[in-house]
Amino acid sequence: MRNMTSSASPKGIAAIVGVGPKLGRSIARKFAHEGYTVAILARDLGQYPFSTHTPTPTPTPQAELLVTKYCRLSRFADEIARDEKAQVFAIRIDCSDSRSIKEAFEGVLSLGFVEVLVYNAYLPVSWPPTSFTDIRVDHFEKSLAVSSVGAFHCAQQVLPGMVERGRGTILFTGCSASLNGIACYSQLCCGKFAMRALSQCLAREYQPIGVHVAHIIIDGIVGSPRAAVSASSLVPNSSSVGEQQQSGGDGMLDPDALAQTYWHLHVQDQSAWTQEIDLRSSSSSGPRLF
């Protein structure tokens, strides 16, 4: 795989693991808007193991890696790169497979220093809920592998570089299942409990040397962005805050609003770092799974 360090932003790389059409895409867009080179990682990359997208059609040394038949992740990368005039790289990853994680991060690290890691991956749960005695062992193990073991492997890939430079941010996405056992969802809760513990352990070990580690509890259902996505919608101001407050009437969380919190955690002053935060809609009636 070609080394592309020269094409990366001087700010470093923001690696977003677990990018779908809602929260992951909004987080990637926010960091791209702030000037970062962004790597978006997910299983949905089709037959192409590595693709790059630049904001202009000008030929580049990476032209051989451009994907012409887009799958969903590639389309996300192309869309964000175009809208935010940023470099966005789409990389396939299977967070339940340690070899896949290592190969994916060889690609990410070839871009340069990973300054931000957001771990947003989880295995979708079944609906309707499955009785505990009917949960298959392989499903239980895979849920734990994605939620916690995958988070462990991804953090191990980026921490050496962060420690060497004395700076970096690792953000883990949790949900109310990170805090409370829920009937018929033991596979989700056990994985999320473990990831929360991992976050706390890493925070206590690495924050004293400059690496900010935080756990974000998404207490509600993430909807689609409420406003047309544009650069201006990602810059907080008095009018946009009011619009966000008014838009929570259905109880759904706006992924663009959530992405603002991820950015805020990254730029927090070291004298007042957040280790855990929970987010919910103002109209939420109680805890939800995610």
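This is a predicted model: local features need pLDDT of at least 70, side-chain atom pairs count only at pLDDT 80 or more; totals for chains, interfaces and linings use all residues.

User: At what angle do the two helices pack?
Analyst: The angle between α3 (residues 98–110) and α4 (residues 137–165) is about 30°, and their axes are 10 Å apart. Angles under 35 degrees count as roughly parallel, so that is the term for α3 and α4.

User: Left-handed or right-handed crossing?
Analyst: Right-handed, for α3 and α4.

User: Is Ser 110 buried or exposed?
Analyst: Ser 110 has 10% relative accessibility. Buried means under 20%, so Ser 110 counts as buried.

User: New topic: α7. How far apart are its end C-alpha atoms?
Analyst: They are 19 Å apart. Helix α7 has 13 residues (255–267), which should span 18 Å at 1.5 Å a residue, so the two values agree.

User: And how many of its residues are buried?
Analyst: In α7, 10 of the 13 residues are buried, so the helix is mostly covered.

User: Which side chain reaches a backbone nitrogen at the start of α7?
Analyst: That of Asp 254. One of its side-chain oxygens comes to within 2.9 Å of the backbone nitrogen of Asp 256.

User: Let's do backbone torsions. What is the phi of Lys 85?
Analyst: Lys 85 has a positive phi of about 55°, although it is not a glycine. For context, most residues other than glycine have a negative phi.

User: Where does Lys 85 sit?
Analyst: In the loop between α2 (72–84) and β4 (88–92). Lys 85 is exposed, with a relative accessible area of 61%.

User: What about Cys 184 and its phi?
Analyst: Cys 184 also has a positive phi, near 75°. Cys 184 belongs to the loop between β6 and α5 (186–206), and with a relative accessible area of 32% this cysteine is partly exposed.

User: Now β7. How accessible is Val 213?
Analyst: Val 213, in strand β7, is buried, with a relative accessible area of 0%.

User: Which residues does Val 213 touch?
Analyst: Leaving out residues up to four places away in sequence, Val 213 touches Ile 170, Phe 172, Ser 199, Leu 202, Ala 203, Gln 207, Thr 274 and Gln 275. Take Thr 274: it is 61 residues from Val 213 in sequence, yet the two C-alpha atoms are 8.3 Å apart in space.

User: Zooming out, what share of the contacts comes from residues 24 or more positions apart?
Analyst: Of the contacts in the chain with a separation of 6 or more, they account for 80%.

User: Last one: how many helices and strands does the chain have?
Analyst: The chain has 7 helices and 8 strands. Of its 290 residues, 51% count as buried.

Definitions and conventions. Residues are numbered from 1 along each chain as its sequence is written. Side-chain values use heavy atoms; hydrogens and water are left out. Helices (H or I, at least four residues) and strands (E, at least two) are DSSP runs, numbered from the N terminus. The expected span of a helix is 1.5 Å times one less than its number of residues. Buried means under 20% relative accessible area, exposed over 50%, partly exposed in between (1.4 Å probe, protein chains only). A polar contact is a pair of N or O atoms within 3.5 Å; within protein, one must be able to donate a hydrogen and the other to accept it, and residues adjacent in sequence count only if both atoms are side-chain atoms. Axes are lines fitted to C-alpha atoms, for helices over the stretch in contact, and angles run from 0 to 180 degrees between N-to-C directions. Angles under 35 degrees count as roughly parallel, over 145 as roughly antiparallel, 65 to 115 as roughly perpendicular and the rest as oblique. A crossing is left-handed if the near helix is turned anticlockwise from the far one by less than a right angle, and right-handed if clockwise. Contact means heavy atoms within 4.5 Å.
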